[in-house]
Amino acid sequence: MNVWDLKEGDQLAEQFELGPISQTDIVRYQGASGDFQPIHHDQDFAQAAGYDAPLVIGMYPAGAASVWAAEFFGPETVRETCVRWSGMVWPGDVIKGSLHIDSAIDSTRWITMALMNSRNETVITLRMRFVRDD
């Protein structure tokens, strides 16, 4: 099925999945993004800040999910992306989410993805708008 045929209320059959996220994944993302905040890779620093372990950089799963969604509609059709962080992602987590069509009007699609961690907690909500030139 062509994703542009999906209507309001439909859900994409494929599910996004990332992980389990390793400490190596986090450090690689830090190198690529230039975000070297030690709370994401240094156990002692994270514990001093009150966490059990370094936490995953929020943009890592958010960015991966955005790219995944854009691949279905075509990266050239992305017009808006809005991310809301609502929970923590930890090393070892597997992040999963489904793409839901909120609105389908003419050549515009609004989608929402709720990304869940390994404890089935919503950690990120992603909303995107895609517009196809007809």
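The largest nonpolar core has 28 residues. A nonpolar core here is a set of buried Ala, Val, Leu, Ile, Met, Phe, Trp, Tyr and Cys residues joined through side-chain atoms within 4.5 Å. Buried means under 20% relative accessible area, exposed over 50%, and partly exposed in between (1.4 Å probe, protein chains only). L99, I111 and M113 have the most contacts inside this core.

The model is predicted: local features need pLDDT of at least 70, side-chain atom pairs count only at pLDDT 80 or more, and totals for chains, interfaces and linings use all residues. Residues are numbered from 1 along each chain as its sequence is written, and side-chain values use heavy atoms, with hydrogens and water left out.

Two or more core residues come from each of β1 (11–18), α3 (59–73), β3 (95–105), β4 (108–116) and β5 (122–131). Helices (H or I, at least four residues) and strands (E, at least two) are DSSP runs, numbered from the N terminus. The element that gives the most is α3, with 7 residues. In soluble globular proteins, nonpolar side chains tend to be buried together.

L99 shows how the parts meet. Leaving out residues up to four places away in sequence, L99 touches D10, Q11, L12, W68, A69, F73, I111, T112 and M113. Contact means heavy atoms within 4.5 Å.

Charged pairs come next. The count is 5 salt bridges, each a side-chain nitrogen of Lys or Arg within 4 Å of a carboxyl oxygen of Asp or Glu. The table gives some of them.

| Salt bridge | N to O distance |
|---|---|
| E80 and R129 | 2.8 Å |
| D102 and R127 | 3.4 Å |
| E121 and R119 | 3.5 Å |

E80 and R129 pair through their side chains. E80 is partly exposed at 37% relative accessibility. R129 is partly exposed too, with a relative accessible area of 22%.

D102 has a relative accessible area of 24% and counts as partly exposed. For R127 the value is 35%, again partly exposed.

The side chains of E121 and R119 form another salt bridge. E121 is partly exposed at 40%, and R119 is partly exposed at 41%. Salt bridges that share partners join D93, R119 and E121 into one network.
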